[in-house]
Amino acid sequence: MRTYASFLLNDLLPLVGHGQNKLTLPTPHDGEFTVPVNSSRLECLHRNHSCVTCGKEGALWLLQSHTTEHPHLNLYAVQPMHGEDDELILMTQDHRVPRSRGGKTTQDNLQTMCSYCNNKKGSSSQEEFLLNKELSKEHVVSGKNTRIQRYCPPAMFTRSSLFHGK
Ligand SMILES: [Zn+2]
């Protein structure tokens, strides 16, 4: 995954998933990119940028792409790790009723979930997931268990430039 630029939550939140089809974004080293901002995923994140299960809050947009595709916006929650790099947790759109059980990709069936909770939910419905969670008395947010992926920011995205720059 290549990262081209980063933006704070509120810099873009009013502009994505909310009536506008495309957005042109500047990057420090790669010029501008025009990206679609009308996907169901971004609409879902616009409605709610926090995980419905654990409450983790999206805080940072990264303009990213896999090797060949055009860049797109991903929203991440930032989890400070003591003495280590901050951990970034991807915010996803989750189907309350899973697609495998006929759930549709419509906003009334979509909810925002962090990738950690979404992985745990798997193909359960939201109701089953919450029930199982209750039964197992598991703490969804508990220290190192929330580690999904370690993200080592490129030199241009130091923590201070992300949160105290421009
Ligand atoms: Zn979560």
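Predicted model: local features only at pLDDT ≥ 70, side-chain atom pairs only at ≥ 80, totals over all residues.
The chain has 166 residues, and 42% of them count as buried.

Five strands form an open sheet in the order β1-β4-β5-β6-β7, and their pairing is antiparallel. At its edges lie β1, which covers residues 2–8, and β7, which covers residues 110–114, and each of these two strands pairs on one side only. From one strand to the next, the sheet twists by 35° on average. Helix α2, made of residues 40–47, packs on this sheet and touches β4, β5, β6 and β7, while the direction of the helix makes about 80° with that of β7.

Strand β4 spans residues 58–65 and strand β5 spans residues 72–79, and the two pair in the antiparallel sense over six bridges. Together they form a hairpin, with six residues between the two strands. Individual residues can be followed across this pairing, for Gln 64 stands opposite His 72 of β5, and Leu 63 has Leu 73 of β5 as its bridge partner. Strand β5 also pairs with β6, again in the antiparallel sense, over four bridges, and here Val 78 has Leu 88 of β6 as its bridge partner. Is β5 mostly covered or uncovered? It is mostly covered, since six of the eight residues of β5 are buried.

We can now turn to the zinc ion. Its protein donors are the SG atoms of Cys 51, Cys 54, Cys 114 and Cys 117, which lie 2.3 Å from the ion. Along the chain, these donors follow the spacing C-x2-C-x59-C-x2-C. Cys 51 lies in the loop between α2 and β4, whereas Cys 114 lies in strand β7, so this pair ties together parts of the chain that are 63 residues apart in sequence. Both Cys 51 and Cys 114 are buried.

Why is the arrangement around the zinc ion called tetrahedral? The angles that the four donor atoms subtend run from 103 to 118°, and four donors count as tetrahedral if all angles lie between 85 and 135 degrees, so the arrangement meets that description. For comparison, the ideal angle for four tetrahedral donors is 109.5 degrees.

A last stop is His 29, which is found in the loop between β2 (22–26) and β3 (32–36). Its relative accessibility is 60%, and because a residue counts as exposed when this value is over 50%, His 29 is classed as exposed. His 29 and Tyr 4 are 25 residues apart in sequence, and their C-alpha atoms are 7.6 Å apart in space.

Definitions and conventions
Residues numbered from 1 in each chain as written. Heavy atoms only, no water. Pairing = 2+ DSSP bridges. Axes fitted to C-alpha atoms, helices over the stretch in contact; angles between N-to-C directions. Contact = heavy atoms within 4.5 Å. Donors = N, O, S within 2.8 Å, 3.2 Å for Na, K, Ca; no water. Tetrahedral: all angles 85-135°; square planar, octahedral: opposite > 155°, others 65-115°. Buried < 20%, exposed > 50% of the residue type's maximum accessible area, 1.4 Å probe, protein only.
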